[in-house]
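Thank you for letting me take a few minutes today. Please have a look at the structure on the screen, and then I will walk through some of its side-chain pairs and one of its interfaces.

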There are 4 protein chains.
Amino acid sequence: MFNTIITPRFGDVDGLRHINNVSLIEWYETARNEFFQIFNPELSLDAWNLIMVHMEVDYLGQMYFGKPVEIKSCIIKIGNSSLTLRQEAWQGGELCARGDFVMIHFDFKSQKPVALTQEQRGKLQEHFVEV
Amino acid sequence: MFNTIITPRFGDVDGLRHINNVSLIEWYETARNEFFQIFNPELSLDAWNLIMVHMEVDYLGQMYFGKPVEIKSCIIKIGNSSLTLRQEAWQGGELCARGDFVMIHFDFKSQKPVALTQEQRGKLQEHFVEV
Amino acid sequence: MFNTIITPRFGDVDGLRHINNVSLIEWYETARNEFFQIFNPELSLDAWNLIMVHMEVDYLGQMYFGKPVEIKSCIIKIGNSSLTLRQEAWQGGELCARGDFVMIHFDFKSQKPVALTQEQRGKLQEHFVEV
Amino acid sequence: MFNTIITPRFGDVDGLRHINNVSLIEWYETARNEFFQIFNPELSLDAWNLIMVHMEVDYLGQMYFGKPVEIKSCIIKIGNSSLTLRQEAWQGGELCARGDFVMIHFDFKSQKPVALTQEQRGKLQEHFVEV
């Protein structure tokens with residue numbers, strides 16, 4: 001499990017005075033840095049090897065400006081070249097959103113999927129949660 | 001069907017030199033304005049009556065800076081108080097992403113769902129596509 | 001003069017129900033595409049040759065969701081390797097913001113400024129406005 | 001002086017593989033929360049009383065993904081109803097950007113500036129730096 005604290009930005013709120021649904025998607029990306037390091041310890045863009053193929057988000061409760069949000073991230077599925085990351089957003093003790101993100105281990109030069117290595121599988125397994 | 005042309009912004013591209021997956025989500029929101037007018041002809045924030053509860057996006061191909069993107073939006077499901085909007089993103093004749101967005105007709109004062117009116121159903125029906 | 005029409009996105013509005021000051025900065029960038037083509041006709045990222053060194057924005061009036069915004073861009077200063085782009089944002093016939101953006105003609109490989117060519121100067125001159 | 005640590009998001013990088021100039025403006029806003037509390041301890045949107053009228057940013061060095069950015073904020077000018085906030089962005093020990101933001105103490109109901117109170121002046125003074 002990876003935990004990331006997000007400070008809502010004034011402009012993350014929309015005209016309904018709750019957090020805009022798009023801002024959450026940005027927060028989820030910010031909270032993936034530690035996960036990215038499994039694939040790319042230095043977070044080097046030249047060596048980037050992941051591509052997003054599917055995202056799915058349930059908005060369970062509204063979030064607001066002025067209180068921190070905790071993003072909890074874990075791995076819920078490990079495929080051949082793909083994996084699924086689950087990311088929850090919590091504010092004030094309430095689960096406000098849950099998102100599943102399917103990414104593929106990808107070679108941007110050949111533009112093709114690449115099987116996960118044993119080392120990657122091992123590290124992903126450390127953050128695996130049965131759902 | 002609603003059609004919206006999006007001009008990618010220089011900053012919509014990320015370090016992989018393709019459109020960042022989050023930017024697409026912003027574009028989808030921009031392309032919902034015409035759809036929003038079914039519920040709120042003046043797009044008045046005081047009268048806002050829709051809330052996002054679920055989004056699901058398939059990234060089918062990469063998009064790039066420098067060429068316009070067309071977002072095609074239609075209704076694929078009409079429930080009691082909810083509806084599902086499908087939004088496709090096309091660039092250079094290729095379908096690059098498909099997203100389904102479930103929204104609820106919602107009263108922000110009472111914080112409760114409200115059944116769709118006959119008038120709303122009629123207008124949604126005009127943009128309905130069987131999938 | 002370059003003219004670009006921007007459709008405000010629902011999430012561009014913040015908790016004050018006016019356009020967030022950051023969203024305007026994104027719009028300005030979107031409206032620079034035509035200007036960028038003076039330096040890079042294909043908008044190729046490999047051949048990119050401009051870097052932002054200074055921006056300065058006056059917020060003169062509030063902008064709102066639901067009405068298009070026109071960005072008018074022109075050149076107000078041409079230096080040796082630098083230039084200043086002025087961008088105005090108009091909504092409903094009112095000038096709502098004015099921004100000056102200083103960019104440098106830049107070689108990203110050597111990380112050094114490069115003098116503007118005669119051809120670039122000529123094209124910039126076509127969009128020059130005395131202020 | 002207020003200090004805020006920002007974690008660059010993957011999508012904050014643009015096609016030049018440095019931080020996009022717009023993302024910095026979002027970071028500056030995030031880093032204003034502590035400053036906002038001088039005017040609005042609960043960060044309540046109903047009681048919001050500040051409006052941005054001018055921003056001015058010098059981009060002094062490029063910033064990159066994968067390393068934290070520190071935003072240092074202080075007050076450099078206190079007017080009758082206005083104030084100027086200076087915000088520096090530091091990455092890896094280097095000053096990469098400096099921005100000055102002029103805001104007005106503002107009554108959104110009457111849409112008029114309001115003189116700063118003695119209490120506000122006192123708190124602003126605590127973060128004042130001579131430049």
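Lys123(D) is partly exposed, with a relative accessible area of 28%, whereas Glu119(D) is exposed, at 57%. In this model, which is a predicted one, the side chains of Glu119(D) and Lys123(D) meet in a salt bridge, with 3.3 Å from N to O. Both residues lie in helix α3 of chain D, residues 118-126, where they are four residues apart, about one turn of the helix. There is also a network, in which salt bridges that share partners join Arg9(A) and Asp12(A) with Glu26(D) and Glu29(D).

Let me now turn to another salt bridge in chain D, formed by the side chains of Asp100(D) and Arg86(D), with 2.8 Å from N to O. This pair links distant parts of the chain, since Asp100(D) belongs to strand β5 (residues 94-107) and Arg86(D) to strand β4 (residues 82-91), 14 residues apart. Are these two partners buried or exposed? Asp100(D) has a relative accessible area of 17% and Arg86(D) one of 18%, and because buried means under 20%, Asp100(D) counts as buried and Arg86(D) does as well. Over all chains, the structure holds 24 salt bridges.

Next come the aromatic rings, of which a search of the whole structure finds 36 pairs over all chains. In one of them, the ring centres of Phe36(C) and Trp48(C) are 4.9 Å apart and the planes stand at 75°, so the pair is edge-to-face. Because Phe36(C) lies in helix α2 of chain C and Trp48(C) in the loop between α2 and β2, the pair ties together parts that are twelve residues apart in sequence. Both Phe36(C) and Trp48(C) are buried.

Finally, I would like to look at chain B and chain D, where ten residues of chain B are in contact with ten residues of chain D. How much area is buried between these two chains? It is about 830 Å², of which carbon and sulfur atoms give 52%. On the side of chain B, Phe10(B), Gly15(B) and Arg17(B) lose the most area to chain D, together 45% of what that side buries. The count of salt bridges between chain B and chain D is zero.

Chain B can be laid on chain D by a turn of 180° and a shift of 0.0 Å along the axis, with an RMSD of 0.0 Å, and the two copies are thus related as by a two-fold rotation axis. In chain B, the C-alpha nearest that axis is the one of Asp14(B), 2.2 Å from it.

Definitions and conventions: Residues numbered from 1 in each chain as written. Chains lettered and ligands numbered in written order. Predicted model: local features only at pLDDT ≥ 70, side-chain atom pairs only at ≥ 80, totals over all residues. Heavy atoms only, no water. Least-squares fit on C-alpha atoms with pLDDT ≥ 70 in both. Phe/Tyr/Trp six-rings, centres within 6.5 Å; stacked < 30°, edge-to-face > 60°. Helix = DSSP H or I, 4+ residues; strand = E, 2+ residues; numbered from the N terminus. Buried < 20%, exposed > 50% of the residue type's maximum accessible area, 1.4 Å probe, protein only. Contact = heavy atoms within 4.5 Å. Buried area = accessible area lost by both parts, 1.4 Å probe. Salt bridge = Lys/Arg side-chain N within 4 Å of Asp/Glu carboxyl O.
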